[in-house]
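The following account leads the reader through a single protein model.

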Amino acid sequence: MSDIRHKLQRLIALNEAEERVREDIAYRELLELFGDSLMHRLIDCLHDHDSDFRLMAIELLAECLLPSEEVINALIERLTDTHHVVRVAAVELLRDIGAEAQSAIPALKRVLEDRSEPFIRLSAAGTISVLAPEDTAALPVILEGLNNPVGIHRATACEFIGNRLDKVAVLNVLPLLSDSELIVRFAAGVALGKTFGRWFHAIAACIAMLTDSDWTTRCAGRECLLSIGCHAKQHLDILKKAMVDAQWEVRLDLEEVLGELQWQSHHEHRQKE
């Protein structure tokens with residue numbers, strides 16, 4: 001345990017020094033050191049007294065290609081962790097594992113009963129929605145999240161609804177296309193795009209972010225647009241029009257994004273040949 005703890009301590013220190021090591025790279029390095037015992041060592045770290053180590057262990061377990069029942073059971077235990085970020089990470093990893101983690105549903109439903117932490121409750125509903133789409137417990141909580149006063153909650157609820165591909169439930173995101181927060185508008189647009197194949201609203205939200213005077217907002221717009229690049233190709237004319245009257249620093253950002261989208265398109269075309 002002490003050996004793996006020493007390695008995790010180093011990774012945590014690098015993260016705090018803003019010299020973050022990507023989890024996939026860290027996992028591969030640890031796998032070379034510890035071999036088949038790595039998964040069990042990381043599971044042991046989930047009981048560490050320090051929440052930073054428990055969180056790092058979950059992030060590294062996310063790199064396992066074939067998570068075992070032992071991993072799933074250990075994550076279920078972390079749903080009652082004393083620290084918010086650890087509980088959120090456990091919920092998210094169970095969602096990423098997918099149908100193999102259905103044994104976690106009873107514990108996730110207990111999370112739904114706790115209204116003291118709305119985001120964890122919403123995240124648990126999103127996970128249940130993935131593990132068992134037919135389960136009726138998740139959707140009411142997700143729909144409730146659309147009205148949360150915190151923007152990230154509304155955006156996350158839109159994401160979960162979009163993942164369901166439910167043509168009735170997704171209509172509930174329509175009012176959020178004019179939300180006061182651009183990231184929520186984008187999430188609502190993506191939900192509609194996934195469900196109906198119409199991506200205009202998501203693209204429009206990206207354009208609004210990319211032409212904002214705030215640099216941080218423009219960076220977010222860039223990441224959002226590139227995340228749906230395969231769909232953005234159909235609306236490059238809107239992006240080009242936005243460049244016409246843009247201030248020079250905004251125009252530079254727009255030109256950079258346009259160039260990346262065109263590169264994506266060219267690369268995809270080459271792969272098909």
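A search of the whole structure, which is a predicted model, finds one cavity of 30 Å³ or more. About 40 Å³ of space lies in this largest cavity. Its lining consists of Leu11, Asn15, Arg20, Val21, Glu23, Ala26 and Met56. Helix 1 and helix 2 each contribute at least two residues to that lining.

The loop between helix 1 (2-16) and helix 2 (23-34) also holds Glu18. Glu18 has a relative accessible area of 76%, and because exposed means over 50% relative accessible area, Glu18 counts as exposed.

The open space of the model is described next. The largest pocket holds about 220 Å³ of space. Its lining comprises 14 residues, and those nearest the centre of the pocket are Ala155, Glu159, Ile183, Phe186 and Ala187. Which helices each supply at least two residues of this lining? They are helix 10 (151-164), helix 11 (182-196) and helix 13 (215-227). Helix 11 gives the most, with six residues.

Is Leu165 buried or exposed? With a relative accessible area of 52%, Leu165 is exposed, because the exposed class begins over 50%.

Asp48 is found between helix 3 (38-45) and helix 4 (51-61), in the loop that links them. Although located in a loop, Asp48 is buried, with a relative accessible area of 6%. That assignment follows because buried means under 20% relative accessible area. Between Asp48 and Ala205 there are 157 residues of separation along the chain, and their C-alpha atoms are separated by 43 Å.

Thr80 belongs to the loop between helix 5 (69-78) and helix 6 (84-97). In contrast to the buried Asp48, Thr80 counts as exposed, at 69% relative accessibility. Thr80 and Leu174 are 94 residues apart in sequence, and the distance between them in space is 35 Å, C-alpha to C-alpha.

These local features can now be set within the whole chain. How many helices and strands does the secondary structure of the protein chain contain? It comes to 16 helices and zero strands. Taken along the principal axes, the box filled by the C-alpha atoms is roughly 60 × 40 × 40 Å. Of the 273 residues in the protein chain, 47% are buried. Among contacts between residues at least 6 apart in sequence, 57% join residues at least 24 apart.

The surface and the charges complete the description. The accessible surface of the protein chain comes to about 14500 Å², and 52% of this area belongs to carbon and sulfur atoms. The chain carries 29 positive and 44 negative charges, and the mean positions of the two sets are 5 Å apart.

Notes:
Residues numbered from 1 in each chain as written. Predicted model: local features only at pLDDT ≥ 70, side-chain atom pairs only at ≥ 80, totals over all residues. Heavy atoms only, no water. Helix = DSSP H or I, 4+ residues; strand = E, 2+ residues; numbered from the N terminus. Buried < 20%, exposed > 50% of the residue type's maximum accessible area, 1.4 Å probe, protein only. Contact = heavy atoms within 4.5 Å. Areas by Shrake-Rupley, 256 points an atom, 1.4 Å probe, with all protein chains shown as cover. Lys, Arg positive; Asp, Glu negative; His and termini not counted. Charge placed at Lys NZ, Arg CZ, Asp CG, Glu CD. 1 Å grid on protein atoms, 1.4 Å probe; cavity = no way out; pocket = protein on both sides within 12 Å on 5 of 7 lines; lining within 4 Å. Points joined across faces, edges and corners; volume = space filled by probe spheres on them.
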